[in-house]
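Here are my notes on the model, as numbered points. Please read them alongside the coordinates.

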Amino acid sequence: MPSFNGANIFDTAVVMATSSNPAQVQTNSYPMINGIETINLGSRGRLTEVQGYLTGANIGEVASKAGFWRNLMESAFTAVLVTTDGTTYPYAYVARFQESDRLMQTNGGGYMRHYTATFIHLV
C-alpha cells in the first residue's frame, strides 16, 4: 500500500510513476583543436507522479482530504514516500496537487474527486 510519512493519504485507484530528471550538464567551448569540454554536474533527483481519487461519505470529507494535500504542498514537508510497487524514497515532498473540477457521487451515496499530485525526491 502506498504511503507518505507512514499514512495512506492516497485513497482509491492510485497510479504512481517515478522518473529521473536528466543530469545537469555544463558545456564549455575553447578556441583551438577540439575545444569542447563537457562536465557532468550530477543528478537532479526524481519525480513521482500520482493519480487517484479522494473519497468520502460526504462533500465535506472530500474537501477536508484535499485541504490536507494542499497543506502538505504549501509546507513542503519532507517525509518517506512508499510507492505502489513498494519502493521507498526517504526524502520526498508534495510539489504540486491539483483536483479535477468534477465531484462525482458514487452508487453507495459517497463522493469522490480525481486528483493528480507530484512528489519531488531530494535524494
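1. Aspartate 11 sits in the loop between strand S1 (3-4) and strand S2 (12-20). This is a predicted model. The aspartate 11 side chain reaches the backbone nitrogen of threonine 55 at 2.7 Å. Its side chain also makes a polar contact of 3.0 Å with the side chain of lysine 65. Beyond neighbours within four places in sequence, aspartate 11 contacts Tyr53, Leu54, Thr55 and Lys65.

2. The sheet is open and has six strands, in the order S1-S6-S7-S8-S5-S2, with antiparallel pairing. S1 and S2 are at the edges with a single partner strand each, so one side of each has no neighbour in the sheet.

3. Strands S7 (residues 88-105) and S8 (residues 111-121) run antiparallel and are joined by ten bridges. Tyrosine 93 has isoleucine 120 in S8 as its bridge partner.

4. Helix H1 (residues 59-75) lies across S1, strand S5 (46-56), S7 and S8. H1 runs at about 145° to S7.

5. How many aromatic pairs are there? The count is eight, taking ring centres within 6.5 Å as the cut-off. Tryptophan 69 and phenylalanine 97 have ring centres 5.2 Å apart and planes at 15°, so this pair is stacked. The pair links helix H1 to strand S7, across 28 residues.

6. Tyrosine 115 is buried, as is phenylalanine 97.

7. One aromatic cluster takes in Phe4, Phe10, Trp69, Phe77, Phe97, Tyr115 and Phe119.

Definitions and conventions: Residues numbered from 1 in each chain as written. Predicted model: local features only at pLDDT ≥ 70, side-chain atom pairs only at ≥ 80, totals over all residues. Heavy atoms only, no water. Helix = DSSP H or I, 4+ residues; strand = E, 2+ residues; numbered from the N terminus. Polar contact = N/O pair within 3.5 Å; in protein donor to acceptor, adjacent residues only side chain to side chain. Contact = heavy atoms within 4.5 Å. Pairing = 2+ DSSP bridges. Axes fitted to C-alpha atoms, helices over the stretch in contact; angles between N-to-C directions. Phe/Tyr/Trp six-rings, centres within 6.5 Å; stacked < 30°, edge-to-face > 60°. Buried < 20%, exposed > 50% of the residue type's maximum accessible area, 1.4 Å probe, protein only.
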